[in-house]
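Subject: Handing over a structure

Hello,

I am passing this structure on to you, and my notes follow below it. Please have a look at the model before you read on.

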Amino acid sequence: MYIEQLNETHAPMLAEVMHTVEHEADFMMMAPGERNVTPEKVADQLNRIEKEASSAVFAAVGNDQFAGYGFVFGSSTERTKHRTYLVMGVRKSFQGQGIGSRLLERMINWCGENDVMRIELTTVCRNKEAIGLYEKFGFRVEGKKLASLLIDGKPEDEYMMARVEHAERSGFE
């Protein structure tokens, strides 16, 4: 298993893993089928991201399939170019094998290579596995978004988490 940065040519495999994860996962932002991922839509998204110096997409690759994926969404505005927002997902059959850790580590390294000081993400408060993973990599809860998602018709709170490099300068400690 290795982590690869993606481009437009990876669209069919990325669309497939995104579709699978969204149907398997209990805590993704969108409900199964809601995003309607197609290779064409994913290719367009990868094209746009590839042209942006502040964003990137990665996948955990093995056995001719993607086991998981990670998006790094950045900004080019003067006051926000130092921060990114992460989204990731791993197929159920590959969870518990360190793939999420490897994806997250690669995304964090990419952020460091691209002068990103602040990395943000959100996760459902009862998603203990994800919270543990993020805390292992230095993310801290900054706040809670009450009833920010409806999952199976029930309100779910989300934690806003961040990891800040050079925290001593930001007052984050």
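Helix 3 (99-113) and helix 4 (128-136) cross at roughly 45 degrees, and their axes come within 10 Å of each other. Axes here are lines fitted to C-alpha atoms, for helices over the stretch in contact, with angles running from 0 to 180 degrees between N-to-C directions. Helices (H or I, at least four residues) and strands (E, at least two) are DSSP runs, numbered from the N terminus. The angle makes helix 3 oblique to helix 4; under 35 degrees counts as roughly parallel, over 145 as roughly antiparallel, 65 to 115 as roughly perpendicular, and the rest as oblique.

This is a predicted model, in which local features need pLDDT of at least 70 and side-chain atom pairs count only at pLDDT 80 or more, while totals for chains, interfaces and linings use all residues. Residues are numbered from 1 along each chain as its sequence is written, and side-chain values use heavy atoms, leaving out hydrogens and water.

Which residues bring helix 3 and helix 4 together? Gly100, Ser101 and Leu104 of helix 3 meet Leu133, Tyr134 and Lys136 of helix 4, where contact means heavy atoms within 4.5 Å. By class, this contact has three nonpolar, two polar and one charged residues. Ala, Val, Leu, Ile, Met, Phe, Trp, Tyr, Cys and Pro count as nonpolar, Asp, Glu, Lys and Arg as charged, and the others, Gly among them, as polar.

The other helix pair is helix 1 (residues 11-24) with helix 2 (residues 39-51), packed at about 110 degrees with axes 8 Å apart. Helix 1 and helix 2 are therefore roughly perpendicular. Helix 1 contributes Ala11, Pro12, Leu14, Ala15 and Met18 to the contact, and helix 2 contributes Pro39, Val42, Ala43 and Leu46. Nine nonpolar residues make up this contact, with no polar and no charged ones.

Now to the largest pocket, which holds about 1,200 Å³ of space. A pocket is an open set of points on a 1 Å grid over the protein atoms alone, where a 1.4 Å probe fits, with protein on both sides within 12 Å along at least five of seven lines; lining residues have an atom within 4 Å of a point. Of its 46 lining residues, Met28, Met88, Gly89, Asn127 and Tyr134 are closest to the centre. Strand 4 gives the largest share of the lining, six residues.

Best wishes

Terms used. Points joined across faces, edges and corners; volume = space filled by probe spheres on them.
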